[in-house]
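Here is a friendly walk through the model you have open. Keep the 3D view at hand and follow along, heading by heading.

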2 protein chains.
Amino acid sequence: MIQDAPIGVFDSGVGGLTVFREIMRQMPNEKIVYFGDTARVPYGSKSKDTITRYARQIVRFLQTHQVKTIVVACNTASAYALEELEKELDIPVIGVVKPGARVAAEATRNGRIGVIGTEATISSSIYSQYIKELNSNAIISGKACPLFVPLVEEGLLQDPVTDEIAKRYLAELIDIDIDTLILGCTHYPLIRSTIAKVMGERVNLVNPAYETARELKGMLGEMDLLSRSQPGLGSNQYQFYVSDKADKFIRFANSIIKYGILSAKQVNIEEF
Amino acid sequence: MIQDAPIGVFDSGVGGLTVFREIMRQMPNEKIVYFGDTARVPYGSKSKDTITRYARQIVRFLQTHQVKTIVVACNTASAYALEELEKELDIPVIGVVKPGARVAAEATRNGRIGVIGTEATISSSIYSQYIKELNSNAIISGKACPLFVPLVEEGLLQDPVTDEIAKRYLAELIDIDIDTLILGCTHYPLIRSTIAKVMGERVNLVNPAYETARELKGMLGEMDLLSRSQPGLGSNQYQFYVSDKADKFIRFANSIIKYGILSAKQVNIEEF
């Protein structure tokens, strides 16, 4: 039965595990196949053509697992490749950008919304575009924060250096008095407390990972694609694939997800 | 004539341009074809198998330009892939690690040498291995500095944040009283002044880019492979290829090389 097929989730690397984690929490009956493109990470500084080519290869790989839907758990890939994937696929695809944009458009009181993300996500203006469709009076300001990902990957989650970099990146968003800030990169929820401290408690932080899982659940429910029962023991409920060696991925993954990730398999993604 | 063939130089991205720059300076008669793997950068956090697969593809690309020799202008690729490439190729190949190791082994007075580089370069222990062959009494200490590349790429060449990160990374090398430090990543010469300030003037900094160009010149001379005359106007003395969009590469390249880099071409490197 199609309802028992897994959900395919992919990201440039480990960041998308924050989305995986939300799907796990909100839909405990679902099987998930996760792919992290660790051999080509990061995506945030690369071009639209390159990201789209990578996304297509990953989708072809996920389809070998008969996934019932695909979640693009990476803001950069959602910004650059989602529209193409939607055209090309006959299963539903969901990205992290639209759900985040929708909540921000609803949450703002003064109409001033900030978006932080990779260079690619910010220069695509994709959040701005979606928010404007829902709230044409909103003023959206984007700011690329290229050091946040390496700081998170270096483990400096609570550190004076991360505070200092956050102050510099966020100063212009504070100056224009935004009341809502979208964490437009899957790594950023991991330094949420630093960002919250710098922005102050009046600013509402939107985590698209949470909203994406919620929207995915609604969409699968409407399409009658939700799994009807908890997968049995030994059914490989969660499967992890990466394009580089698995050991580093497994260490990082186990640091952010409670579920013991016993193994991940390496795939030569260029062959797909 | 084989002497008129170009030198092939490759790197994971822009860092290898510091090696390119030295070859230009020391061998102004040579043609150079440079390849930067900007679609898959960085290499420093990836595995040996992945780096070796990437290096082989790039070598196949460079060979379509009938290069007379190949310079692996990336410490990580030199650490992981050089030995394989040497076995497989019938033209001379040179990496940046051996020349840097040789100078450090000769320069040290107290026998204590530090090496800084990417995670991959440091965990390969390749510098240590080469230095030990030349000076078996040397004590070599490696330290991975994963934030240096993103800090350089963010333009924080002289900045309190870079100072602070450098102090943390280098503290253990200062504690053990090294007198020689190898800048084991092609980006690091761009923050040489910060590193020098933290290490103090008693520590000798070794830039493998300079040594590599010198060694390359000696090797080509011995093999009678040096170009005999300056290439004529319109001969495309320097050609640049990248695996992602060229515009960003061109901007960065022009910021570190005096020669006006008029253009770079994008190549789908996965097809090689």
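Predicted model: local features only at pLDDT ≥ 70, side-chain atom pairs only at ≥ 80, totals over all residues.

## The sheet of chain A

Let's begin with a pair of neighbours: strand β5 (residues 112-117) of chain A runs parallel to β6(A), and six bridges link the two. Two strands count as paired if DSSP finds at least two bridges between them. Within this pair, A:Gly117 sits opposite A:Ala144 of β6(A).

Residues are numbered from 1 along each chain as its sequence is written, chains are lettered from A and ligands numbered from 1 in the order in which they are written, and side-chain values use heavy atoms, with hydrogens and water left out.

Stepping back, chain A has an open sheet of four strands with parallel pairing, in the order β6-β5-β7-β8. Its edges are β6 (139-144) and β8 (204-206) of chain A, each of which pairs on one side only. From one strand to the next, the twist averages 20°; axes are lines fitted to C-alpha atoms, for helices over the stretch in contact, and angles run from 0 to 180 degrees between N-to-C directions.

## Helices on that sheet

Which strands does helix α4 (residues 97-107) of chain A touch? Packed on the sheet, α4 of chain A touches β5, β7 (180-183) and β8 of chain A, and its direction makes about 170° with that of β7(A). Contact here means heavy atoms within 4.5 Å. Helix α9 (residues 192-199) of chain A also packs on the sheet, touching β5, β7 and β8 of chain A, with an angle of about 160° between its direction and that of β7(A).

## The sheet of chain B

Now turn to chain B, where four strands form an open sheet with parallel pairing, ordered β6-β5-β7-β8. The edge strands, each pairing on one side only, are β6 (139-144) and β8 (204-206) of chain B. Here the twist averages 20° from one strand to the next.

Strand β7 (residues 180-183) of chain B pairs with β8(B) in the parallel sense over three bridges, and B:Leu181 is opposite B:Leu205 in β8(B). Helix α4 (residues 97-107) of chain B packs on the sheet and touches β5 (112-117), β7 and β8 of chain B, at about 170° to the direction of β7(B). Helix α9 (residues 192-199) of chain B touches β5, β7 and β8 of chain B as well, and its direction makes about 160° with that of β7(B).

## Where the chains meet

At the interface, 34 residues of chain A contact 34 residues of chain B. The two chains bury about 2,600 Å² between them, 44% of it on carbon and sulfur atoms. Buried area is the accessible area (1.4 Å probe) that two parts lose on being put together, summed over both. On the chain A side, A:Leu147, A:Glu154 and A:Glu270 lose the most area to chain B, together 20% of what that side buries.

How many salt bridges cross between chain A and chain B? The rule (a side-chain nitrogen of Lys or Arg within 4 Å of a carboxyl oxygen of Asp or Glu) finds eight. The side chains of B:Asp159 and A:Arg168 meet in a salt bridge, at 2.8 Å from N to O. From chain A, α2 (48-63), α7 (148-153) and α8 (160-175) each supply at least two residues of the side touching chain B, and α8(A) gives the largest share, six residues.

## A tie between loops, and a cis bond

Over all chains, a search of the whole structure finds 38 salt bridges. In a salt bridge between A:Glu30 and A:Lys68, the closest N and O atoms are 2.6 Å apart. A:Glu30 lies in the loop between α1 (17-26) and β2 (32-36) of chain A and A:Lys68 in the loop between α2 and β3 (69-72) of chain A, so the pair ties together parts that are 38 residues apart in sequence.

Finally, look for the cis peptide bond joining A:Val41 and A:Pro42, with omega about -5°. A:Pro42 is in the loop between β2 and α2 of chain A.
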